[in-house]
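Here is a short note for a colleague who has not seen this structure before. The points that follow are meant to be read beside the model.

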Amino acid sequence: TTHTCPMLLLLLLRRSQSQTLSRRTSLMLVRPMNYQHGVSPIRAAASLCCDRSVAKPWRSLFGGVEQRRGITTGEGLKTTFMMNFAQFLGKSNWLSESAKLEYYPPLWIMGVKVLELKDNWSHIRIKLPLNTLSRNPGGVMFGGYQVSLADPIAALACARKFRDFSCWTRGMTVDFMQGGSTDLELRFEFPKDMEEKIRKELEERGRATPTFEFGYYLSNGELCTRITNTVAIRPKGYIKAHSPPASPDDVE
């Protein structure tokens, strides 16, 4: 049983790539089967998925480097399994937009639940539960939990509306107005007039940097945390600002 996970990956890979695997790749694929004593099968399988030289055929199942949409890594940075998995979810036509958010592993671990997502990301409500993992020693929700969910929402909404551009979070400020003593509900609105303003700016300048304001609400409807999020919308292939952050001299 200790070899089950690597063996399944190996069989799947060989079956899907039986016509194209080179002798070198086939030999290297045996490597995860001979992992050192004490290394778990999951870790050995993960090494197969993340190794650029070995796992290119496997990674292509999740949208490999050549097929990825809108991801540019800095020099010397490796594409990770999680990045490929995120691309796989993003390209899955059989998953709803709500499911893509909920099943993204970091958000799935946090237990997020999409309550409402309609009009092409114009109206969004997401439940962030207060539980054993999210509760801090003071009995309220960790601020980091709130920040982790709030960070990508505005950029994702922009990416869905302006598909010919790359979008990412340029900056964000968080005002913890009161402790998150209950499950929190993130409420995000993308007004139609703001969308039209951004679209016009993109037509004229080829770029835009809009700022959105939204927040988390307690179960009684009171505002708990105010979020101000600025999104960079740039032409595809724009790499002056990337993650990890570029030097301040390279950021416009």
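Is L202 buried or exposed?

1. L202 counts as buried because its relative accessibility is 7%, where buried means under 20% relative accessible area and exposed means over 50%, with partly exposed in between (1.4 Å probe, protein chains only). This is a predicted model, in which local features need pLDDT of at least 70 and side-chain atom pairs count only at pLDDT 80 or more, while totals for chains, interfaces and linings use all residues. Residues are numbered from 1 along each chain as its sequence is written, and side-chain values use heavy atoms, with hydrogens and water left out.

2. L202 belongs to helix α9, which covers residues 192-205; helices are DSSP runs of H or I with at least four residues, strands are runs of E with at least two, and both are numbered from the N terminus. Leaving aside residues up to four places away in sequence, L202 touches F162, F165, R207, A208 and I233, a contact being heavy atoms within 4.5 Å.

3. With a disulfide taken as a pair of cysteine sulfur atoms within 2.5 Å, the count comes to zero. C167 is accordingly in no disulfide, and its nearest cysteine sulfur, that of C158, is 5.3 Å away. C167 counts as buried at 19% relative accessibility, and C224 is buried with a relative accessible area of 0%.

4. L133 sits in the loop between β2 (123-128) and α8 (143-161), and L133 is exposed, with a relative accessible area of 54%.
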